[in-house]
Amino acid sequence: MAENKEMTLEESFDALDKIINTMDDSMSLDDAFKKYDEGVKLLKECKDKLDIYEKKLTIVNDTNTNE
């Protein structure tokens, strides 16, 4: 059984890029909806990761400012 590894932010962006490129092709409505759903999930994961990075940067900046 393959281990479910969380993608890095860069891997998520690459996966989104691939989805966008495949949706440019002619595909059935059902397949397009599946790709759209997959893309929305990836976008949420990217946003969540970016929020975490932003919080970490805020902490680092606050720490350096208070020194």
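**View 1. A salt bridge between Asp48 and Lys44 in helix α2 of this predicted model.** Asp48 and Lys44 both belong to helix α2, where they sit 4 residues apart, about one turn of the helix; helices here are DSSP runs of H or I with at least four residues, strands are runs of E with at least two, and both are numbered from the N terminus. An α-helix has 3.6 residues a turn, so residues three or four places apart point the same way. The closest N and O atoms of the Asp48–Lys44 salt bridge are 2.8 Å apart, a salt bridge being a side-chain nitrogen of Lys or Arg within 4 Å of a carboxyl oxygen of Asp or Glu. Lys44 counts as exposed at 51% relative accessibility, whereas Asp48, at 33%, counts as partly exposed (buried is under 20% relative accessible area, exposed is over 50%, and partly exposed lies in between, with a 1.4 Å probe and protein chains only).

**View 2. The buried face of helix α1.** Leu9, Ser12, Ala15, Leu16 and Ile19 are the residues of α1 that are buried. Seen down the axis of α1, these buried residues fall within an arc of 120°, so they line one face of the helix; the arc is that of the directions from the helix axis to the C-beta atoms. On the other side of α1, Glu10 and Lys18 are exposed. The cover over the buried residues of α1 includes α2, and the buried residues of α2 in turn pack against α1, where contact means heavy atoms within 4.5 Å.

**View 3. Phe33 on the surface of α2.** Phe33 lies in helix α2 and is exposed, with a relative accessible area of 54%.

**Notes on the model.** Residues are numbered from 1 along each chain as its sequence is written, and side-chain values use heavy atoms, leaving out hydrogens and water. Because the model is predicted, local features need pLDDT of at least 70 and side-chain atom pairs count only at pLDDT 80 or more, while totals for chains, interfaces and linings use all residues.
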